[in-house]
Amino acid sequence: MSTFVEEKDKLPGWNRPPVIEPDGDGELLEVAMGPHHPSTHGVFRMDVALDGERVIRLKPVFGYLHRNHEKLGEGMSYLGSMPFTDRLDYMCPLTNNWAYALAVEKLTGQEVPERAEYLRVILGELTRVVNHASAIGFLIQEMGASGTPLMYAFKQREKILDLFEALTGARMMVNYMRFGGCRVDATPAWLGAVRKVLDDLPQFADEFENLLRGNEILMARTQGVGILRPELAVNAGVTGPMLRASGVNYDIRKVDGYGIYNRFKFRVPLGEHWDVYDRFMIRLLEMRESFGIIDQALKDIPGGPIMDPKAKLRGFRPKPGEAYGRIEGPKGELGFYLISDGGPNPYRYRIRPPSLINLTVLEDMCLGSNVADVVLIFGSVDIVLGEVDR
Amino acid sequence: MKTVEEIKAAIEAAVPGAGVEVVPNPSVSGQHSLRLAASHAVEVATFLRDDAELALDFLSNATGVDWPDKEVSEKVKVTRTVSKIVDGTEQQVEETVEETRKHVVPGCLEAVYHLFSVAKKHGPVVIRMKTANRTDQVHLPSLTPVWRSAEFQEREIFDLFGIVFTGHPDLRRLLMWEEFKDHPMRRDYVEPDDFEYEPTAHDEVLKRAQERRAKLSAVVSGQEGAGA
Amino acid sequence: MLGEGILKGLGETARNFAGSFVSAERLTTIQYPEERAAPIEATRDFPFLVYDGADWEAGLRCVACQICEKECPPKCIYIVKSTDKKPDALGKPQIYPTRFDIDISVCMSCQICVEVCPFEAIKMDTEFELSTTDRFGGLLYDREQLARSNEYYHTIHPTEAAEVDARLAEEKAKAEAKAKAAAVAAAAKAAAGPAAPKPAAAAAAGAPAASAPAVKASEGEKQG
């Protein structure tokens, strides 16, 4: 069954996808890229209509990983939903936890102690390093580099995952943040281990850059490909490295200043050419900025408690009301919208998934380019299906 | 940034006749919302996006909420004339009785939008729209022509809640498959009875598993009885 | 020169390749299952029930309060309370679980059951090589399969087990001190009071009443 809706989609409008006319007669080749596809970052399908090599129409289709997380959240207590947030964007479980904890803290007005905020920043930035290194690695693999840069990135990821395991008990599904602080305190030994890993990371970033940045094949394949205009990016709700690669200076860590981010000095890299190469370079530069933030946090972390002393583990019933809390996740703006009716379970538990909303412009970027570029453009959006489908 | 009342005043000045009301938010977050009437919603949204001061050019989150029908019982004092025997003779006497009256407050489906400004770096501004009821009048104007990011999110609201957005360029199901019938995120959604073998069933699933086991064993014993 | 970037990249790859022959840092693959990665102390896999002493049934710390069952997000714990009582570690008669099943194919190792347990009865194990060929019951662990001794707990999580033991010893000491104080007070009251049968009844009533607030106090400590 064709998923193309031909008449309605030819609506005029500056924020609608362009209409590409095929040149020549003949039928268009309709290809389903996915859901069994090595390059689609999960179970994801794109219905593509091709004229030779050029993409004429493209419609993304997903929902293969839909677990109705939002309904589960309505049936579970607030604390019980925390392990499920790990499984949303499963490459960055700590930032997912943080977003949910932030939303609940906005709803109830709880205070988070200093040490917990520093720990959150350290873990959040380590997660950002892991995510950006893996994203670049996967993008390069899709270009055909058969996994060498990916494995270099994963070598560092292993070290960081070992750090997570030593602190929280699990490599990925950490279930670490709580409403009002963190679950487990960090020992000085652990902070020393973070310092040791951090000392090796800039050398890894240099190696990565040497391997990739000047590589002519990479430049030829990614420069000028998948251009996203800044006005369209803002109107389409795109956030994260994709938005900054289109030259828009919007980083929620600087805008909202949630947690204690306004104490750290870090720069926000912006792109000039709005293409895939910019998105890849932005991720590399943001990784370097994260090293600086972790370094500052390790120097300044105070002692003290890690949980709000008035926080309750069981019988947590926030007063009726609603709140929307968001963070700058590695993929974009991850937000949680909670409506509480005074009971132990939330009345409405909504996750604002950055990957899903970043996919809105996939069509715009891919139309008119070659099919081989579709894989690259899609890889530069950096999605995780757990978040798109929830 | 302006407060909610100031934004309401600005909207009413720019779009006359727009039915805007403030919905206060009792929680500490202070994120009060504005309820828009469906008739002028697209105009109001365009004003919010293009206004020089507000510049709400970024739609961050669009979601649906289901408010099911509520049965409300209230005690009402009713005065009635009844014939009663007073002092041996039948007379018409006024009697005041307290009655419990039940009536159903019709539910609705609601669409909530969170707006931010990338140009001015402020937000959030929360706007809401309500449908008339949950059964047949479930149409709302689509804000996709104003903010493109509503495209997939309104499709998801249509898929999971059932709100039909008029003016949406491509309203199909997003997360469920095309032939699926019900709307899963509604509060009265009943899951299909195809749960797998659950060794540690609880609550609802345990009850249904026990009922099914009882039914199956009744069928089996019935067959055995008939065979023997 | 055209190709300079590619050559630079190939130089990096060559350095890593040659280095993997000479330095352990660059040879990162661990040949599992012949080699194992170094175990990390805080790791958690699936829950187990702790028992004190040698007899797992008598020393099981769990009192079937069913808090872990209620808080478990995927609802993988199934508990059936007993109808009789047996004495627990403090000597007080307690109910115990006649059935305590955890379906580890459902369990997601979130460790919330450990956090909410007021009696330090359920902890996380570190075993992960648990595959089985029995599809329908092989991953459903009952009470006996889940019970492990406190000594085992010390071998897998030494620092945590030491903390738990310290906490339990403190609670026990507090309970004993309270019981002693109550007994002394009751004896003093009986000596001052008129009737003779009263001291025996008062002493008997004093001891269980004293240990009950001690247990409640420990619960309150855990919550706060």
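Which residues in H6(A) meet which residues in H11(A)? Let's find out by walking through this predicted model.

**Stop 1: two helices in chain A**

Select residues 188–212 of chain A for helix H6, then residues 276–300 of chain A for helix H11. Two packed helices are described by the angle between their axes and the distance between the axes. Here the axes come within 10 Å and cross at roughly 160°, which means that H6(A) is roughly antiparallel to H11(A). The crossing of the pair is left-handed.

Now show the side chains. From H6(A), pick Leu191(A), Val194(A), Arg195(A), Leu198(A), Leu201(A), Pro202(A), Ala205(A), Phe208(A) and Glu209(A). They meet Leu284(A), Met287(A), Arg288(A), Phe291(A), Ile294(A), Asp295(A) and Leu298(A) in H11(A). Color this contact by class and you will find twelve nonpolar and four charged residues, with no polar ones.

**Stop 2: where chain A touches chain B**

Next, bring chain B into view. In this pairing, 41 residues of chain A are in contact with 31 residues of chain B.

**Stop 3: chain C**

Finally, select chain C and switch to a cartoon view. You can trace eight helices and eight strands in chain C. Of its 224 residues, 25% are buried. Among contacts in chain C with a separation of 6 or more, 67% join residues 24 or more positions apart.

Technical notes. Residues numbered from 1 in each chain as written. Chains lettered and ligands numbered in written order. Predicted model: local features only at pLDDT ≥ 70, side-chain atom pairs only at ≥ 80, totals over all residues. Contact = placed C-beta atoms within 7 Å. Helix = DSSP H or I, 4+ residues; strand = E, 2+ residues; numbered from the N terminus. Buried ≥ 20, exposed ≤ 12 C-beta atoms within 10 Å, placed from the backbone. Axes fitted to C-alpha atoms, helices over the stretch in contact; angles between N-to-C directions. Parallel < 35°, antiparallel > 145°, perpendicular 65-115°, else oblique. Left-handed = near helix turned anticlockwise from the far one by under 90°. Nonpolar A, V, L, I, M, F, W, Y, C, P; charged D, E, K, R; others polar.
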